[in-house]
Each structure stands twice: as C-alpha cells, then as structure tokens.
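Please read them with the structure open beside you.

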Amino acid sequence: MAEMGSKGVTAGKIASNVQKKLTRAQEKVLQKLGKADETKDEQFEQCVQNFNKQLNEGTRLQKDLRTYLASVKAMHEASKKLNECLQEVYEPDWPGRDEANKIAENNDLLWMDYHQKLVDQALLTMDTYLGQFPDIKSRIAKRGRKLVDYDSARHHYESLQTAKKKDDAKIAKAEEELVKAQKVFEEMNVDLQEELPSLWNSRVGFYVNTFQSIAGLEENFHKEMSKLNQNLNDVLVSLEKQHGSNAFTVKAQPSDNTPAKGNKSPSPPPDGSPAATPEIRVNHEPELASSATPGAALPKSPSQPADASEVAGGTQPAAGAVEPGETAASEAASSSLPAVVVETFSAAVNGTVESSSGAARLDLPPGFMFKVQAQHDYTATDTDELQLQAGDVVLVIPFQNPEEQDEGWLMGVKESDWNQHKELEKCRGVFPENFTERVQ
C-alpha cells in the first residue's frame with residue numbers, strides 16, 4: 001500500500017475510478033434501453049465526423065507519400081545501376097568518357113537531392129500535421145466520458161428530487177456533483193467546439209502546400225534531369241560520329257511484319273506455309289514428254305484450266321503460237337524439259353475468268369485486279385472484314401478511298417458470294433493479305 005501511495009495512487013482513488021466506470025457503464029445501458037435520456041449535440045457530432053474523415057484522409061495521404069518516396073528511392077537505385085553499367089562498357093579510349101562519368105555523378109546527386117527535399121518539405125510536414133490528431137482524438141473520447149458522467153449525475157439528482165421520501169442532504173450532495181460534472185464537461189466541450197472546426201478548415205491549406213511542394217520539386221527535378229540526359233545524348237552522338245562505320249542497325253522482328261488494321265492484328269500464318277511460298281505443282285510424265293515433238297502443244301492435266309483461246313473461239317492455237325494464257329506452257333515446251341509439265345492458272349482475259357470447264361463465262365466485279373486463295377482460316381473481328389476458310393477464292397478490288405487502306409490488308413469479295421448475289425456493297429470486305437496466296 002505504501003508503494004502505491006508513493007506513486008500517487010491510493011486505494012481510495014482506485015475505488016473511485018472503478019465506481020466511475022461502473023456508473024458510466026450502467027448509464028450507457030440505460031440510455032441504450034431508452035430508460036434514460038442522453039444529452040446530444042448534433043453540431044458537435046458533425047464536427048467529430050469531419051474529424052474522423054480528415055484523420056482517415058491524412059493517414060492515407062501519409063501512406064501514399066511514403067510509397068512514393070520508396071518508389072523514388074527504387075528509381076534512384078535503378079538509375080545508379082544503369083549508369084554504372086554505362087561506365088563499365090564505355091571504353092577508356094572512346095571520346096567523351098570523362099563527360100559521361102561526370103554526368104553519371106550528377107545524376108546520382110540529383111536523385112539524392114530530390115529524395116531528401118521530398119522528405120523535408122512533404123513527409124515531415126505530413127507527420128507534423130498528423131501529430132495533432134492523437135491528442136484531439138483522446139480529448140474527444142474523454143469529453144464523451146464526461147458527458148456520460150454529467151447525464152448520470154443529472155439523472156441521479158432528478159431521481160432524488162422526485163422520490164417520495166426526500167433526503168435534503170443527499171439532494172444537496174447530488175446537486176453539488178451535478179454542478180461539478182457539468183462544469184468539467186462544458187470546459188472540454190467549449191474547447192473542442194472551437195478547435196475541431198478550425199482543424200477541419202486547415203485541411204485545405206495543408207493539401208495545397210503539400211501538393212504544391214511535391215509538384216514544384218518534381219518539376220525542378222525533371223528539368224535538371226532533362227539537361228543531364230541531353231548532355232549524355234550529345235556525348236553518345238559524338239561517339240557515334242567517331243565510329244559511324246560500326247553503327248548498329250535495328251532489324252525488324254518477324255512479328256513486326258504482321259499487318260495491322262486499326263487496333264487489330266491477325267496472327268501471321270505459320271512459317272513455311274503456302275501463303276509465304278508460292279505453290280508450284282509439277283507432274284512427272286516421262287512417257288508423254290518423250291513422245292512429244294518440239295513446238296507441239298503439251299497435253300493438259302485434268303486440273304489445268306482451259307486456255308484463253310478456247311474460251312474465246314473454242315479452238316486450239318497453232319503450234320508455236322503464244323497466247324496470253326500460255327506463256328508458261330510455251331516456255332516449258334521450248335526449254336527441252338520433257339519430264340515436267342507445269343500447271344498454271346490462266347489470267348483474266350478481257351474482263352472475264354474461265355470456269356474449270358473452259359466454256360463458262362463469268363462477269364467480274366468492277367475494278368477487279370486479281371484473285372487470291374485463302375491458305376488459312378481467318379475469323380473476322382469486325383463487320384467490315386471477310387470471314388475466310390482455307391480454300392476460299394477472293395476477287396480483289398481496289399479501295400474506294402485509298403487512304404483507308406492499311407498496310408497488309410486488301411479489299412475483295414468472295415467469288416462464291418459474287419456469283420450468288422452480284423451485289424458488291426453486301427459482299428465486299430477487307431482481309432489480311434498474308435492469309436492468302438495470289439492465284440491470278
């Protein structure tokens with residue numbers, strides 16, 4: 001007991017504190033049950049809500065600022081490592097080595113200065129700003145307890161006054177305790193009523209100063225860093241001029257050749273596919289070739305289309321005559337290659353294309369340029385694209401507005417759709433060129 005007294009804590013004080021806690025707990029229970037009224041101040045409660053919001057916002061800002069500083073430090077380390085790498089690869093006999101080293105040193109100093117100023121002008125200010133909240137928060141909690149004490153004393157005084165058997169001594173003592181509790185509560189309440197609105201209004205100036213400091217520091221940092229980067233660029237340009245014959249050429253990767261339409265890029269066909277390598281079909285017919293005489297027309301394979309002359313007049317040209325659709329066949333005959341018969345596709349003749357029988361005539365869409373055949377399936381990703389399956393034949397036509405054509409894309413209409421509808425507006429669409437192979 002003597003030890004407790006030496007520290008200013010006595011048994012009576014402990015008992016008093018315990019009694020206060022029990023009285024407050026009992027009062028709160030009665031208030032929640034609606035058996036006792038509670039003194040409320042809506043204006044103060046709004047101030048408390050603002051205080052809690054301001055505290056949460058400040059705590060979040062402090063956290064994000066610390067994250068930003070950690071990122072600046074990480075960028076500093078990354079920049080330092082990068083400059084160290086440059087210093088290692090920069091050979092001693094290259095021009096500008098000393099300048100490059102000096103730029104690296106200044107770069108390091110600039111990062112350090114930027115980080116330190118952020119700490120001094122932003123983080124420390126942030127810590128000072130938040131440092132006032134814990135004390136005010138504890139005073140708000142204490143005010144709440146004193147308000148419960150005041151309500152409890154008021155209720156006790158009122159119950160003694162309304163009792164059937166009145167005890168003047170108890171009433172006088174209860175009144176004294178009520179006056180005392182009210183005075184303690186009102187003193188705390190008045191102070192907080194003044195401080196909380198003032199603290200709430202101060203947030204605007206604090207946010208302005210904090211973000212102005214960060215923005216100004218970042219602006220100056222990037223200005224100075226830009227100068228260093230320009231100086232480094234000048235040094236490297238000088239090095240390039242000294243060794244211009246050894247300039248490094250950046251070569252495009254295979255994926256860069258994939259055509260793109262707007263934001264859509266169809267996957268390129270597999271390497272070695274027919275779309276990348278023109279198809280040449282050969283038939284080895286040694287017996288037929290050995291019996292052929294020079295200058296005579298070569299026999300046609302079943303899959304070879306009819307000559308243009310057969311479509312126009314229905315007769316074969318004389319031996320040795322060269323027609324537009326027979327150039328490849330004539331060259332094969334005159335080159336003395338008796339074992340090879342080359343199958344070719346006939347070109348369009350006077351705006352017509354021959355069918356497999358060589359007798360039918362097909363009108364072509366306006367502006368027809370050439371035919372292509374799909375070597376891979378292509379799934380359309382937009383309404384202006386053609387849906388292709390391997391084997392589909394497409395009649396290529398020009399774009400109405402050449403400026404709308406993207407590199408690697410063609411405009412056309414599927415031959416089957418054209419034969420059926422003969423309506424260009426409904427059938428035409430764009431498609432990736434590298435999914436097809438030109439056949440005519």
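1. Ground rules. This is a predicted model, in which local features need pLDDT of at least 70, side-chain atom pairs count only at pLDDT 80 or more, and totals for chains, interfaces and linings use all residues. Residues are numbered from 1 along each chain as its sequence is written, and side-chain values use heavy atoms, with hydrogens and water left out.

2. Strand 7. Start with residues 409-414, which form strand 7. Strands (E, at least two residues) and helices (H or I, at least four) are DSSP runs, numbered from the N terminus. Six of the six residues in strand 7 are buried. Buried here means under 20% relative accessible area, exposed means over 50%, and partly exposed lies in between (1.4 Å probe, protein chains only). Side chains in a regular strand alternate between the two faces of the sheet. In strand 7, Trp 409, Met 411 and Val 413 point one way. Leu 410, Gly 412 and Lys 414 point the other way. Note that Lys 414 is among the buried residues.

3. Neighbours of strand 7. Strand 7 pairs with strand 6 (residues 393-397) in the antiparallel sense, over four bridges. Two strands count as paired if DSSP finds at least two bridges between them. Here Val 396 has Gly 412 of strand 7 as its bridge partner. Strand 8 (residues 429-432) also pairs with strand 7, again antiparallel and over four bridges. Trp 409 is bridged to Pro 432 in strand 8. Leu 410 stands opposite Phe 431 of strand 8.

4. Strand 8. Is this strand covered on one face or on both faces? Both: Gly 429 and Phe 431 are buried on one side, and Val 430 and Pro 432 are buried on the other.

5. Arg 154 and its two partners. A search of the whole structure finds 13 salt bridges. The criterion is a side-chain nitrogen of Lys or Arg within 4 Å of a carboxyl oxygen of Asp or Glu. Arg 154 meets Asp 151 at 3.0 Å, N to O. Arg 154 also meets Glu 158, at 3.7 Å, N to O. Arg 154 and Asp 151 both lie in helix 5 (residues 133-161), three residues apart, about one turn of the helix. Glu 158 is in helix 5 too, four residues from Arg 154, again about one turn. Now look at cover. Arg 154 has 13% relative accessibility, so it counts as buried. Asp 151 is buried as well, with a relative accessible area of 1%. Glu 158 counts as partly exposed because its relative accessibility is 35%.

6. Lys 223 forms a salt bridge with Glu 219, with the closest N and O atoms 3.6 Å apart. Both residues lie in helix 6, four residues apart, about one turn of the helix. Lys 223 is partly exposed at 46% relative accessibility, and Glu 219 is partly exposed at 45%. Elsewhere, shared partners join the salt bridges of Asp 135, Arg 139 and Glu 195 into one network.

7. A negative patch. Which residues gather in a patch of negative charge on the surface? They are Glu 186, Glu 187, Asp 191 and Glu 194. Patches take residues with over 30% relative accessible area and no salt bridge, and join like charges within 9 Å. Glu 187 sits in helix 6 (residues 168-242). Its relative accessibility is 47%, so Glu 187 counts as partly exposed.

8. Lys 422. Check the backbone here. Lys 422 has a positive phi of about 55°, although it is not a glycine. This residue is in the loop between helix 10 (415-421) and helix 11 (424-427). Lys 422 is partly exposed, with a relative accessible area of 41%.

9. Lys 80. This residue lies in helix 3 (residues 42-89). Lys 80 is partly exposed, with a relative accessible area of 35%. Lys 80 and Trp 111 are 31 residues apart in sequence and 9.1 Å apart in space, C-alpha to C-alpha.

Technical notes: Patches are made of residues with over 30% relative accessible area and no salt bridge: like charges are joined within 9 Å, nonpolar side chains (Val, Leu, Ile, Met, Phe, Trp, Tyr) within 5 Å. Accessible areas come from the Shrake-Rupley method with a 1.4 Å probe; for residues, only the protein chains shown count as cover. Lys and Arg count as positive and Asp and Glu as negative; His and the chain ends are not counted. The place of a charge is taken as NZ of Lys, CZ of Arg, CG of Asp or CD of Glu.
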